[in-house]
Every structure is written in C-alpha cells, then in structure tokens.
Amino acid sequence: MEPVILMKPGASKWDIRQKVWDYIEENNLANFPRPVHNRIPNFKGAFTACAKLSQLEAFTQTAEVKVDPDKPLEGARLAVLQARKTLLVPTPRLRTGLFNNITPPQGASKEQLRICSSSQGVKDFSVPVGLDAKVKVDLVVVGSVAVSEKGFRIGKGEGYADMEYGMMASMGAVDDSTVVVTIVHDCQVVDIPEALIEKHDLTVDYILTPTRVIKTNCLRPKPQGIIWTKLDTEKLERIPILKKLHALEDQAGKDVTLGAVPLAAEPGLQITQPRRQTRRRPRQNTQQDAEGESKQEKGAVSEPKARQRPARVRKESRGDGGGGNKGEISERGKERRGGNMKEKGSEEGGSEVMSQRKLPPSVTTVYLGGIPAGLRVSELKTALREREAAPLRLTWQGAQHRAFLDYIDLQAAELALEALQDLTLNGHSLQAELAKSQRGSKRPGQSKRGPRPSAPKTKTAPDTKGDINEMTEK
C-alpha cells in the first residue's frame, strides 16, 4: 500500500518525524495532547487500532505483556488487563526504575480496569519491578512516530523504547521469541530507509492501525543489550536504573565503556523536553503579542507590557461578549497603578491575590467542562488536590457547568491535563483541555464547531484554607 506521506530521498530521522508530526497537525488527526510535535501522537482511532491487539495469535499465547505508557496505547493496556494477563508498564523516563506491574483490585470491574489502564491507574495500582526480578516478557507494545512495513521504527527521538528493550535483554526478560508490536495511525506507516536504522534501534513484528494489521516479517536483529558507547555519564546520572545496570555489567566483566555522543549526531539519545517547550511557547506568545498590539491601538496597554504580563492581557481578551473594551483596559490600568482594587483592601487576601498582580508570564489556563449541577467548588478542589493538579487559581462558573484552572506554565498545565483526563464527579465525566486562548492558531476541523468558552475576567474571592492559591467566582 502506497504511504500517505512521501519522504524525500536522503531524509533523516528528524526529517521523517517532522513530516509526520506536521501532517497529523495539519489534518487534525490527533486528540489531546496537542500539538503532537516531540510526542508519540495520540491519534484519532487509537482505541480501534488497540482493539486489534487481542486478535493477534501472538497475544493469545502470551502471559506477560509490556506496554509503553503513551496515551494512544491506553486501549492496549486495557486489553491486557481484560485478558487477565500480567501488565508491565515502564516508569516514565525511567526516573524511578524500569517497570511497574499494574495490579488491579481483586475482582475489578470493567470501569476499574479502564482506570488502571490510564496514566492515573499506572500511578495508583502499580508495584515496582527491579533489575533483579525474574521476568519473562512475551510481547512488547511500543508507540511510534513513524514505522515502515518492513518493521523499521522511529520514535520521538529520546531513545527510551530502545533503552528499555536493551535493558530487558540484559536482564534476560526478552529473547528472540519476544514479539514486538507498534500501534499507529495509517498515515504514520511510511517508507524508512534501512540505512537510517542502527544497531540499538528496536524493530517491530506487527503494525496495528485503525484499518490494517501488518505483519512485517522483519529479519533485522533486535537490540541484544545496552550499547554503552552510545551513552555518556550525564545520561547515567539522569537515569539511576541505567547507572545501576552499568555497575552490574561492569562487575560481571563486560565492556561498559561510555562514549561522548555529539548533540547533533545522536539526537535520539537526548532528553528533548526543553525542545518541546521552545516549540510551543512561541505559538502562545504570538497570540498574546497580537492581542497586546490590538490593545495598544486603543491607547491603553503597550506591547512591551503585554509581553511581560501575557496572562493579564489574555484575561482581558477573554471577557464575556467582547473582552478587551476600553473600559476594561482602563480599569486594569488603575489596578496597575494601585487604584481601586477590592482584593487589595482585603486582609485575608494577602498573598492569595498574588495571581491578580504577580501571575508569572508563563501562566497557562485549562478549561474544565461538564461540571454537574449541584457540585460544590470545595468538592472540585478536593478532587484536584487528590490528583495533584491543584492550580495557582481556580475560576468557578458552576452555573455554566465549567471552571478555569490557571497553572504556572505550559508544562504544569499539561501534567494537570494528563491527571484530569479520567476525572469523574457525581457520576459525570468532566472534560479537561487547554482553554481556547492557549491553543495558538486554529486547527483544521475547528471552524464548524461552536466556540469554546474562554476564561473570562471575574472578581476574585480569595481562598485561604487550601492548597489552591486562589478561587474566583462569577
């Protein structure tokens, strides 16, 4: 079958990644989190593709399955739990170990299994598995950015899937009989030159898409262990479990000589979190700067101030029915000069009203919809604390069945969004996503939808009893 995305001759791994990420974004083929750049894309139709896993003969013959923690693989984790097989999920970024054994409650219902398969379940129902554990993994499910019908795979460029497999090989958890499956959107199946695939790169045996099951018949060997020359001391310091394996193999007399990996030559073995931040923030700032310029035309807020305090400018632009009129801007100007400001006169407000005056420029707002009638704000705040998603400020609009949560920066907001994906209160599932003004340019497919409410300007009601710094109510 001809690939949907065609690659130019001589394309590098990063060229292929960029092409796939751009195509998915431009064609609106992904769900949260967006944009998909520097991620394993959570493509639309992921659950349909994951459902094909249980149909594989290799799956029916397995006892222990390792599934990566990526969002699009949630359906695969659920399939493993429903089949009552042992589910192993790698520790994100290998920060605290190699595996977690997901152990649902005794007699768990389908809903409880669904929760166990989510990111929250991985946190709440897991038992760590160390390097010395006797584990035999029969099947491995990994996410991919791109994969070829020949079984050549490209991840997001951080090298964790390759390292995890190499570590499993070193501890005897996988061998030549272990089957590797990847689950992707149809457009992610592309031509990948074999010349790009290195000795440490993991290949796959099956590709599952929403419409296809592809057996690759790949004969290229999978990693037989960690190739230490591809790593450096800095990498070992960041990943304690890798450092421990290095010491064990050193004691066993193996060659564990480390190498210095050039930044440009080996991007697949770098931690690229800063890259994600620098890609996304300019898009947010572009929108905010544009808003700042429109207000400058009205003679109230200069562009430099808009850049220093993008959160303030954004709040002004989100007012009900018109947002940034002159009256609102003038009122904000008075507040900046220390004029009439209710919160300042409140003793109990104190530092609580910090978010009106000192919110960091990077503040990012999350929209929370579907709030059931009768729910108290205190109940929502308790749920946020329990999920470790307490914001700097909570804007409550219970009558409109929604709330807005302000977080210190984009990364904190994304972590909160991940924690809130399965939030259910009073029997109602809540919808969490970035507020409209945080999303940058409009994506394809959005023009026909109704407008998503943006966080409006509201009066502040300080809350001094909880971890949430401020709650505003309209």
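Select Glu 194 and Arg 220 and display their side chains: in this predicted model, a polar contact of 3.1 Å joins the two.

Colour the residue by accessibility next. Glu 194 has a relative accessibility of 45%, and therefore counts as partly exposed, the class between 20% and 50%.

Leaving aside residues up to four places away in sequence, Glu 194 touches Phe 152 and Arg 220. A C-alpha to C-alpha distance drawn from Glu 194 to Phe 152 reads 7.2 Å, although 42 residues separate the pair in sequence.

The tour then moves to a pair of helices. Select helix H4 (residues 74-82) together with helix H5 (residues 110-117); their axes come within 8 Å and cross at roughly 130 degrees. The two helices are therefore oblique to each other, and the crossing in which H4 passes H5 is right-handed.

Show side chains where the helices meet. On the H4 side, select Glu 74, Arg 77, Leu 78, Leu 81 and Gln 82. On the H5 side, their counterparts are Lys 110, Leu 113, Arg 114, Cys 116 and Ser 117. Colour the residues of this contact by class: four are nonpolar, two are polar and four are charged.

Key
Residues numbered from 1 in each chain as written. Predicted model: local features only at pLDDT ≥ 70, side-chain atom pairs only at ≥ 80, totals over all residues. Heavy atoms only, no water. Buried < 20%, exposed > 50% of the residue type's maximum accessible area, 1.4 Å probe, protein only. Contact = heavy atoms within 4.5 Å. Polar contact = N/O pair within 3.5 Å; in protein donor to acceptor, adjacent residues only side chain to side chain. Axes fitted to C-alpha atoms, helices over the stretch in contact; angles between N-to-C directions. Helix = DSSP H or I, 4+ residues; strand = E, 2+ residues; numbered from the N terminus. Parallel < 35°, antiparallel > 145°, perpendicular 65-115°, else oblique. Left-handed = near helix turned anticlockwise from the far one by under 90°. Nonpolar A, V, L, I, M, F, W, Y, C, P; charged D, E, K, R; others polar.
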